[in-house]
Amino acid sequence: MTATQNTAKGTNRRTTAPSTSVSVRKMAAGAALLAMLGVTTASPVLARANATPASAVAAFKSSDVERTDRLDAVEAWKASGYAYGDAEQLALFWGLDGAFDAKVKAGGLLLDGYSLPFASRAAAHQASLDNGLSYADALTLAEYWGTDGNYETKVKAGYYFLDGLDPLGSIPTPEEEQQYRQIDAYFEAGYDYDDAVVLADIWGLETEFEAKVKAGGLIKAEQPLPDGVAPFDHDTTFEISEDFAAVDAFFDSGYDYDDAVQLAEIWGLETPYDAKITAGTKVLAELPLPDLGA
Amino acid sequence: MHRVGIEVELLAPVGSSRLELARAVATEWDADVRTSWHLDSEPAAHEQIKVFHHMTPAFDVVDQEGRQLLRLVDDITIRHDLDPRRQTAERWSRVVTDDPRFLRMLATKLAPIGASQAEVEAAADSLGLEAAFHDAAAKLTDSSGASVALVAGMPGERERVCEIISPPLGGGRNEWLETVVGLATQLGFTVPQESATHVHYDAAPFRNAEAFQRLVWTFTEHAEALRARFGTNPHCTRLGPLPQAVVDLVERDDYEAMDWATIAKEARAIDGVTKYRDINIMNLVADAPVLDTVEVRTLPGSTSAQTLIDLVAMVDGVVDHVLGQAAQHA
């Protein structure tokens, strides 16, 4: 059932809880309704009301660490090649209050022989130099990533190198850019993976990716999609609107009745009207039509 | 028992149509069949994609006093069981346009079945339009050449689709269902894949804070339970619980003190309150409702009158719960 899907796409999250009297009345109403319907399972409202709250995981606090251990940890940190910028990143990564807490935690880990979740920024920068990242490449990357300055760009690129990847491979070609824009339009219109599966089938495409790109292109050109596919609703038909747009496209391209007769013969269709729809659909999809002569 | 309007989506067998059911019912009740247009549209998938509006032949069974006993129309959600390549309803017309105003204008000028080329030309002419004919289709354009509407045939076996629409039914509800659905079964009508049954209740009793609150809770917290109980058709996807924002509205601290006009106004402003939910409250909260009903949309279709009778009775119970509890607090 798609009830959950519809809910997820149509709701806003609550920001405040209802008052107690409202909650009580709601539960009573729910129980009465379910009893009337003969449903024996507890309503979600009642189940939630009885649940115990999950216990919070204790957060790391450097003030909880013994002073001597704290000093050792900081010394280990200083000797590690990690710097303040890394401490900030680690604090975010671990959800800690500040960079100092991160240093202490990280130093403690290093002393115990563990490695940290990511390499230092200095190490990453070095990796860029070691891999011969050119100035021009760095500029290209900076423009695409929006990183601030040459150093930052090299650091970010360095992490790619450390993972064995080519940072330049992350930049899409103009053709790929266009495809991503079309896919954006596809999702923004509310379509999803399931719709892409249907479209790929209708259009005889191999992958949902191709279907999304094609559909996104049609959406951006304000053309209708084929029947059976509309966001949230796999039962809506666009059959009629598709016919209408196709016949329009047929005539707008300068073809006439005689052409339709010819096309019907060529394609083995029953009527010239069928030919108009088929031809118009091809015109809209920018596919070529057979040569009809003068 | 509440006074209700019932809609059931069924399918005529191959070679037959909803007109056959209209004729059978008319014979049974010594009434007449009148042909008319049914206007509908596909919901806009995206604000930039045009919504297409169309009208197709519909049939009304009307008694000697002119009262409507039954209406049978097309339903665009019914597609799966039809063969789109067949073209069997040769004289049935379908008019397509992107502006419903043109449909309403053309509806007064064109016959739904058997309109000749001359009649289409005359209709176009009377509206200042040009008709260009290519086979069975006529493209109507205005003086600047802009396309206004397409008057075409109706391929794809759409004449088989039969949405049964009842008049308001009170005490005679069971007999009405037994007759109409019974005749449909005799004629070989079946339940199409996307079939649903909708039930309309008078909206007026729901227009108070308490009832509306219970209505919203019923169709959000218990949407799933109701669907399980009704046996909602999983192939119907134009459904869903009401949005969370409506729940938030009825649980606000100041909600009980709000008057109905304010509640309705707030509800209208909520994004996601559309017709295509488990319950259609659009007319309930509307300023000037077109059809003054609340519509429950999650019942499955059936060719068994008894099943439909039982299902509607169940919805009666839900409505009693929503309204009855309010009465206790009043």
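In which helix of chain A is A:Asp248 found? In this predicted model, A:Asp248 belongs to helix H13, which covers residues 239–252 of chain A. Once neighbours within four places in sequence are left aside, A:Asp248 is in contact with A:Gly280 and B:Ser147. A:Asp248 and A:Ile277 are 29 residues apart along the sequence, yet their C-alpha atoms are 8.9 Å apart in space.

Chain A as a whole comes next. Its secondary structure consists of 15 helices and zero strands. Of its 294 residues, 31% are buried. Among contacts in chain A with a separation of 6 or more, 57% join residues 24 or more positions apart.

One pair of helices in chain A shows how such elements can meet. Helix H10 (residues 174–188) and helix H12 (residues 208–220) of chain A have axes that come within 7 Å and cross at roughly 75 degrees. H10(A) and H12(A) are therefore roughly perpendicular to each other, since angles of 65 to 115 degrees fall in that class. On the H10(A) side, the contact involves A:Gln179, A:Gln182, A:Ile183, A:Ala185 and A:Tyr186. Their partners in H12(A) are A:Lys212, A:Val213, A:Ala215, A:Gly216, A:Gly217, A:Ile219 and A:Lys220. Sorted by type, the residues of this contact are six nonpolar, four polar and two charged.

A further helix pair joins the two chains. Helix H2 of chain A (residues 20–37) packs with helix H5 of chain B (residues 209–218) at an angle of about 65 degrees, and their axes are 10 Å apart. H2(A) passes H5(B) in a right-handed crossing. H2(A) contributes A:Lys26, A:Ala29, A:Gly30 and A:Leu33 to the contact, while H5(B) supplies B:Arg214, B:Trp217 and B:Thr218. Three of these residues are nonpolar, two are polar and two are charged.

Within chain B, helices H1 and H4 (the latter residues 173–186) pack at an angle of about 130 degrees, with 10 Å between their axes. That angle makes H1(B) oblique to H4(B). Their crossing is right-handed. B:Leu21, B:Ala24, B:Val25 and B:Glu28 of H1(B) make the contact with B:Thr179, B:Val180, B:Leu183 and B:Ala184 of H4(B). This contact holds six nonpolar residues, one polar and one charged.

In soluble globular proteins, nonpolar side chains tend to be buried together. The largest nonpolar core here has 101 residues, and the members that touch the most others are B:Leu72, B:Val151, B:Cys162 and B:Val216. Helix H10 of chain B (residues 305–329) provides the largest share of this core, eight residues. Beyond residues up to four places away in sequence, B:Val216 touches B:Leu242, B:Val246, B:Val247 and B:Val250. There is also a second, separate core of 11 residues, which includes A:Tyr191, A:Ala196, A:Leu218 and A:Ile219.

Is B:Val161 buried or exposed? B:Val161 lies in strand E9 (residues 161–165) of chain B. This valine is buried, because 25 other C-beta atoms lie within 10 Å. Leaving out residues up to four places away in sequence, B:Val161 touches B:Leu11, B:Arg18, B:Asp74, B:Asp75 and B:Ile78. B:Val161 is 79 residues from B:Leu82 in sequence, with 8.7 Å between their C-alpha atoms.

Most residues other than glycine have a negative phi. B:Asp30 is not a glycine, but its phi is positive, at about 55 degrees. B:Asp30 sits in the loop between helix H1 (18–28) and strand E2 (32–41) of chain B. With 8 other C-beta atoms within 10 Å, B:Asp30 is exposed. B:Glu157 likewise has a positive phi, near 65 degrees. The place of B:Glu157 is the loop between strand E8 (147–152) and E9 of chain B. B:Glu157 is buried, because 22 other C-beta atoms lie within 10 Å.

Definitions and conventions
Residues numbered from 1 in each chain as written. Chains lettered and ligands numbered in written order. Predicted model: local features only at pLDDT ≥ 70, side-chain atom pairs only at ≥ 80, totals over all residues. Axes fitted to C-alpha atoms, helices over the stretch in contact; angles between N-to-C directions. Helix = DSSP H or I, 4+ residues; strand = E, 2+ residues; numbered from the N terminus. Left-handed = near helix turned anticlockwise from the far one by under 90°. Contact = placed C-beta atoms within 7 Å. Nonpolar A, V, L, I, M, F, W, Y, C, P; charged D, E, K, R; others polar. Core = buried A, V, L, I, M, F, W, Y, C linked by C-beta atoms within 7 Å. Buried ≥ 20, exposed ≤ 12 C-beta atoms within 10 Å, placed from the backbone. Parallel < 35°, antiparallel > 145°, perpendicular 65-115°, else oblique.
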